[in-house]
Amino acid sequence: MEQIFSGIHVSGYLGPHRKTRYHLDQFARGGPPTNSRELFNRRHASLRSVIERTFGVWKAKWRILDRKHPKYDVIKWVKIVTATMALHNFIRDSSDEDRDFTYWETINEYEHHGDQAVEELEHTPYLPSGDRAMEIRRDAITERIARGSRLPY
């Protein structure tokens with residue numbers, strides 16, 4: 001995954017801190033973050049939740065994104081996702097409200113809409129692959145949190 005931070009182009013996966021509270025329900029039950037690593041993980045999990053919710057609505061809005069369609073190669077999927085993102089942004093820019101997003105915000109399980117045909121969703125856990133550059137980037141962001149300075153996102 002490619003990301004842009006402070007004008008610097010980096011490639012890799014910016015994962016959470018391991019062996020540190022991460023999931024939003026853990027913070028709901030256990031209270032707010034108590035250190036910068038937990039705060040980073042809380043923000044990472046919150047952003048991930050928004051991204052997953054957005055993809056859930058996209059899958060409901062554009063059926064080509066659901067799991068019932070044939071598998072495409074990665075290049076074609078990138079083009080399909082990019083096209084739906086462009087359409088989404090056009091709709092958001094062209095009107096005051098996106099009716100589909102408003103509707104699906106009221107549905108509890110919308111992030112899995114379109115996946116009913118799949119008996120059990122496979123989850124691929126994050127396994128550190130030795131991406132030291134992204135770990136250094138994550139640690140730098142975490143340090144900024146600790147110092148209370150503005151984050152790069």
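What covers the buried residues of helix 2 includes helix 1 (24-30), helix 3 (74-94), helix 4 (99-104) and helix 5. The model is predicted.

Visitor: How many residues does helix 2 have, and what is its reach from first C-alpha to last?
Guide: At 1.5 Å a residue, a span of 38 Å is expected for helix 2. The reach in the model is close to that figure. Helix 2 has 26 residues and reaches 37 Å.

Visitor: At the start of helix 2, which residue has a side-chain oxygen that reaches the backbone nitrogen of Arg37?
Guide: The contact is at the start of helix 2, and the nitrogen belongs to the backbone of Arg37. A side-chain oxygen comes to within 3.0 Å of that nitrogen, and its residue is Asn35.

Visitor: Phe55 and Trp58 form an aromatic pair; is Trp58 buried or exposed?
Guide: Both residues lie in helix 2 (residues 36-61), three residues apart, about one turn of the helix. Phe55 is partly exposed, with a relative accessible area of 33%. Buried means under 20%. Trp58 has 5% relative accessibility, so Trp58 counts as buried.

Visitor: What is the angle between the planes of Tyr72 and Trp77?
Guide: Tyr72 is partly exposed at 27% relative accessibility, and Trp77 is partly exposed at 22%. Their rings are 5.2 Å apart, centre to centre. Planes over 60 degrees apart count as edge-to-face, and this pair is edge-to-face at 70°.

Visitor: In helix 1, what separates Asp25 and Arg29 along the helix, and what is the N to O distance of their salt bridge?
Guide: Asp25 and Arg29 are four residues apart in helix 1, so about one helical turn separates them. Asp25 is partly exposed at 43%, whereas Arg29 is exposed at 65%. Their side chains meet in a salt bridge with an N to O distance of 3.3 Å.

Visitor: What is the C-alpha separation of Ala133 and Tyr13?
Guide: Ala133 lies in helix 5 (residues 132-147) and is exposed, with a relative accessible area of 51%. Tyr13 is 120 residues away from Ala133 along the chain. Their C-alpha atoms are separated by 9.5 Å.

Terms used. Residues are numbered from 1 along each chain as its sequence is written. This is a predicted model: local features need pLDDT of at least 70, side-chain atom pairs count only at pLDDT 80 or more; totals for chains, interfaces and linings use all residues. Side-chain values use heavy atoms; hydrogens and water are left out. Helices (H or I, at least four residues) and strands (E, at least two) are DSSP runs, numbered from the N terminus. Buried means under 20% relative accessible area, exposed over 50%, partly exposed in between (1.4 Å probe, protein chains only). Rings of Phe, Tyr and Trp (its six-membered ring) pair if their centres lie within 6.5 Å; planes under 30 degrees apart count as stacked, over 60 as edge-to-face and the rest as tilted. The expected span of a helix is 1.5 Å times one less than its number of residues. Contact means heavy atoms within 4.5 Å. A polar contact is a pair of N or O atoms within 3.5 Å; within protein, one must be able to donate a hydrogen and the other to accept it, and residues adjacent in sequence count only if both atoms are side-chain atoms. A salt bridge is a side-chain nitrogen of Lys or Arg within 4 Å of a carboxyl oxygen of Asp or Glu.
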